[in-house]
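The following exercises are to be worked through with the sequence and the structure at hand. Each task is followed by a solution in steps.

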Amino acid sequence: MTQLILASASPRRQELLGLLGYPFTVQPMDIEEIPRPEETPADYVQRLAREKAQACANANKGDQPVAVLGSDTVVVCEGEILEKPLDFEHYVQMMQKLSGTYHEVLTAVNLTVNGASETALVTTRVWFRTLSDEDILRYWQTGEPKDKAGGYGIQGPAGAFVRHLEGSFFAVMGLPLFETEQLLRNHGIYP
Ligand SMILES: Cc1cn([C@H]2C[C@H](O)[C@@H](COP(=O)(O)OP(=O)(O)OP(=O)(O)O)O2)c(=O)[nH]c1=O
């Protein structure tokens with residue numbers, strides 16, 4: 001039987017994959033996350049999702065057959081890629097950019113199995129209400145922004161910043177449920 005591995009350190013991705021009902025194990029991969037010159041945000045997230053899954057598949061070569069899921073999420077605002085905030089200043093800059101306007105959240109998920117590799121990309125447009133300096137400071141103090149792309153987690157208190165969303169809530173949180181299940185089914189993997 002093919003063993004399913006989630007190549008991710010993200011507790012959100014673990015929680016979301018758990019909702020699909022597949023038994024799986026977790027093996028995070030440390031991949032360098034730096035966009036190449038001229039690489040579009042869409043190409044970048046898809047490459048990282050693929051690299052995470054392929055690194056994990058390589059690490060499990062020779063064992064029993066494995067199917068590996070890798071994923072990556074970035075926030076894109078006015079053409080700029082926003083990843084995890086490096087510090088408070090960086091976080092404030094990000095929130096000021098996101099305040100009162102919309103941005104895109106790009107999440108790619110890759111399935112690598114038996115040498116085959118397929119990636120799905122989900123783009124979600126998210127509209128934030130205007131944020132005051134106090135909103136921004138108070139949200140930092142929750143400790144939530146640090147490990148999240150764009151400096152926020154839609155599934156937590158920052159959900160109150162979101163006026164409207166077009167796309168997939170689960171993709172913003174880190175793993176699109178519909179597309180992930182489709183990838184698995186396309187490759188004959190069922191719970
Ligand atoms: C925008 C947004 C991101 N996030 C999280 C999901 C991801 O964990 C993180 C994006 O960073 P990633 O680099 O995609 O993932 P990661 O480093 O956490 O985990 P791994 O590479 O091992 O898979 O931001 C939320 O939880 N909620 C949100 O609303």
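A residue is called buried if 20 or more other C-beta atoms lie within 10 Å of its own, exposed if 12 or fewer do, and partly exposed in between, with C-beta atoms placed from the backbone. Residues are numbered from 1 along each chain as its sequence is written. The model is predicted: local features need pLDDT of at least 70, side-chain atom pairs count only at pLDDT 80 or more, and totals for chains, interfaces and linings use all residues.

**Exercise 1. The chain as a whole**

Task: Determine what share of the chain is buried and state how its radius of gyration agrees with that of a compact globule.

Solution. 
- Step 1. Of the 191 residues, 39% count as buried.
- Step 2. The radius of gyration is taken over C-alpha atoms, and the globule rule is 2.2 Å times the number of residues to the power 0.38. For 191 residues this rule gives a value near 16 Å; the chain has 17 Å, which agrees.
- Step 3. Along the principal axes, the C-alpha atoms fill a box of roughly 55 × 35 × 25 Å.
- Step 4. Helices (H or I, at least four residues) and strands (E, at least two) are DSSP runs, numbered from the N terminus. The chain has 6 helices and 7 strands, in the order β-α-β-α-β-β-α-β-β-α-β-α-α.

**Exercise 2. Helix α2**

Task: Check the length of helix α2 and list which of its residues are buried.

Solution. 
- Step 1. The expected span of a helix is 1.5 Å times one less than its number of residues. Helix α2 (residues 41-59) has 19 residues and should therefore span 27 Å; its end C-alpha atoms are 27 Å apart, which agrees.
- Step 2. The buried residues of α2 are Y44, V45, Q46, L48, A49, R50, K52, A53, C56 and A57.
- Step 3. An α-helix has 3.6 residues a turn, so residues three or four places apart point the same way.
- Step 4. Two residues are in contact if their C-beta atoms, placed from the backbone, lie within 7 Å. The cover over the buried residues of α2 includes β1 (3-6), β3, β4 (80-82), β5 (102-113) and β6 (116-128).

**Exercise 3. Residue D72**

Task: Locate D72 and decide whether D72 is buried or exposed.

Solution. 
- Step 1. D72 lies in strand β3.
- Step 2. D72 has 26 C-beta neighbours inside 10 Å and therefore counts as buried.
- Step 3. Apart from neighbours within four places in sequence, D72 is in contact with V45, L48, A49, K52 and A108.
- Step 4. An unreviewed UniProt entry lists D72 under "active site". UniProt positions are given in the numbering used here, feature names are shortened, and annotations may be inferred rather than shown by experiment.
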